[in-house]
Amino acid sequence: MTWDVLVVGAGAAGMAAALSAREAGAASVLLADRSARLGGVLPQCLHTGFGMGIFRQELTGADYAARWAAMVGAAPIALRLDTTVLSLTPDRRALLSGRSGVEELSFHALVLAAGCREIPIGALALPGTRPAGIFTAGQAQRMVNLQGLSLGRRIVILGSGDVGLIMARQFALTGCSVEAVVEQRNHCGGLLRNYHQCIEAYGIPLLTRTTVSCIHGEGRICGVTLRQLDSGAEYVQPCDTLVTALGMIPERELLRPLGEALPPWVFLCGNCRSIHRTVDTVSRQGEAAGRDAAGWALRSREAG
Amino acid sequence: MSTELHYDVVVLGGGLLGCFAARHLTSYRLRCALVEAREDVCTGISRSNSAIVYTGCDNKPGTLKARLCVQANRSFAQLCAQLSVPFVRLGSLLVSYGPRGDQVVRRKYDQGQENGVDGLAILTGAQAAALEPGLTPGISSALLAPDTGVTDPWALCYAAYENARANGCKIYLNSPATALGREGKTWRITAGAYTLRAGAVLNCCGLEAHRVQELCAPPTVRVIPDRADYLVLDQPAGPYVRHVIFQEPEQNGKGLTLIPTTDGKLLLGPSEQPGGAAPRRAVTPEGLDFLRRTAARVAPGLELNQVIRAFGAVRPNPFSVRREGDAWVPEDKGIHSFTISTPCPGLWSLIGIKTPGLTCADALGAMLAGEAAAYVGKDRPNPDFDPCRPLPPRPRELDSAARRALVQANPAYGRVICRCEDVTEGEILDAIRRGAVTLDGVKRRVGPGLGRCQGSWCTDQVLDLLARALGVSPGEITQDGPGSPLLGGGGT
């Protein structure tokens, strides 16, 4: 069979897209995600601030995801969880792989809702050693919130994006010492709300116009050199953990074999289209992409 | 107190040289062992290099280096086929932008001809530019060496290790050599918890090789390491050049090397700095600056925002030493040729084997193993020796039908853990079975964390698989051996 709509990624955008594609008349919708559960990055977000736009309520990310997951579960949407979409071809076929098998399928329209990845520290190509104890903020959030792991005690956060700010608070709440949040711009990168609630309220220093210029430590990280960009002054800040919140890159590598121009049957939404600051806009964009994809699929089916 | 373990030949050091020496020892009818200080092999010099298989046109005619390099290059494809290691003969271009570089091109061409390197050609600037349109215009001449290749140095080291082990070489890990001495007709080695006796010893201890030799002999050669930095660019940058590119600068000093890797990325480097007192593999600001500056000049279209990692390497430069009072002082100029020191009968020390050490590792191993086997009088061939090392399945290299069949037989090969490099749970479990005990050990064997996200998605899953397979708590898992726990910080 040929699926009307294949949705890659079951986070906020993908779940909304799958539901709206069904509502818009797609007869068969397949929703695939590499994680074992629905929700993408949301289940690891245990803080509130999600859902005011859509549910008129302050929810945690996990609760926000759970509401959508319940709707997806109740709808006739086929799920492939713990399953990775390996590749796409220009003739609208996809190769999926999971523990249950390798599956090759064809589809009429594709919604790419694959989210984004975090810019890793490697991209900065910093001088110094390459010790253990360096995590991206989202990775740290997943390891702490979903797996209950303890990453370190004395923490420096590089970059003041929202996930970095949220993690600063979380580290402070669990008794870690957050030595500094380091930001090269002259202002906080995250939402003002997060600055007040996560940094200011816990007395965590936000060092603007500052960056990490060297990493120290042979086995585990033992410190970073901080450089004040305006004066050029440097000093070593001891730490046993460095968390990076350097920004996000839309995850669009699957589209690479399809060429430069986006084929008309591909519909992008959520953070793999552009980086969003709140989840409600992601869900809304997912809904629109799902509708458009269903429309394309119906026309494509009629055209035979 | 442990009993003594008796072997005909013991290899000290599990880098490329040690693993290949061990591999070739198993081709004789003798008892051999490989002793490594760390928790795994391939953790020293061998872990970071340019991945280039050289032709031999850089080496002085008549030297061991030139002879081995030419010979090793010719048989490299066969070696990699036996050991299931990636190898691509991309060819290389040494590009010059002026009269000084042109002389180098000419000299290396003549040298290569004399050494017997096949297929060398001097190209005009226009011919070179046509082959490599991404390079800065103005090339004055270039040396094309079609036999230059790239390989996966980690895969090569692990393959030699696994092949040696499969052919009967005994392995002792976590066993740094602390005493080495001749007693009667044999050598007595103290290494970690073990005491070994051997008829012959091959010292392949890399940066520690001179120290190990000095356990039983006065200093002759010492290693003074240099440092080198590299930048890794993500896959879209891989095809920026089609050959390995060596840029020959007009000023004295080093040019830029661009290396398309076997996994489709692009490696820039090495820069070259003196060793100094800073940590051995630390990346230096000077090195990074050099790489960025020369890349902008030589490959102006290359987008450096595709960098996903910078890493440092060490180069073991050998220097002869002479006694001055109580101290041993190195000569001003390093030793250019491969240094194989034999200070006492039955001991061979490879001290300061640098470029083209990767290319020549198998040839050097064969040579040393042959000499040691003859020395202990056991150089009859081992009829059971199998030179081939099978590689566990690599789902990403299979077509969809074969991949489907593999996953049906073993579902772990269906679950993708590292999306960037398409590495499955099954491969990670294989890596652990093959000897990986750290995150880096898994990474170097099968690749999770080498890609554009640098492990931010998969590290915790690899951690979990390692902890379960080894039967320890995640807190005990290290990134790269003792002192590098992934979790919990320094424990203060």
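The model is predicted, so local features are taken at pLDDT of at least 70 and side-chain atom pairs only at pLDDT 80 or more, while totals for chains, interfaces and linings use all residues. Residues are numbered from 1 along each chain as its sequence is written, and chains are lettered from A and ligands numbered from 1 in the order in which they are written.

Helices (H or I, at least four residues) and strands (E, at least two) are DSSP runs, numbered from the N terminus. Two strands count as paired if DSSP finds at least two bridges between them. On one side, β2(A) runs parallel to strand β1 (residues 2-8) of chain A, joined by four bridges, with V5(A) partnering V29(A). Between β1(A) and β2(A) the chain passes through helix α1 (residues 12-23) of chain A in a right-handed β-α-β crossover (clockwise from the first strand over the helix to the second, with the strands pointing away from the viewer). β2(A) also pairs in parallel with strand β5 (residues 78-80) of chain A, through three bridges, and here L30(A) has A78(A) as its bridge partner. In a regular strand, side chains alternate between the two sheet faces.

Strand β15 (residues 223-228) of chain A is linked to β16(A) by five bridges, and T225(A) stands opposite V236(A).

Over in chain B, helices α2 (residues 64-74) and α9 (residues 357-375) pack at about 95 degrees, their axes 8 Å apart. These axes are lines fitted to C-alpha atoms over the stretch in contact, and angles run from 0 to 180 degrees between N-to-C directions. α2(B) and α9(B) are therefore roughly perpendicular (65 to 115 degrees). The residues of this contact divide into six nonpolar, three polar and one charged.

Finally, 44 residues of chain B are in contact with 43 of chain A (C-beta atoms, placed from the backbone, within 7 Å).

Conventions
Parallel < 35°, antiparallel > 145°, perpendicular 65-115°, else oblique. Nonpolar A, V, L, I, M, F, W, Y, C, P; charged D, E, K, R; others polar. Contact = placed C-beta atoms within 7 Å.
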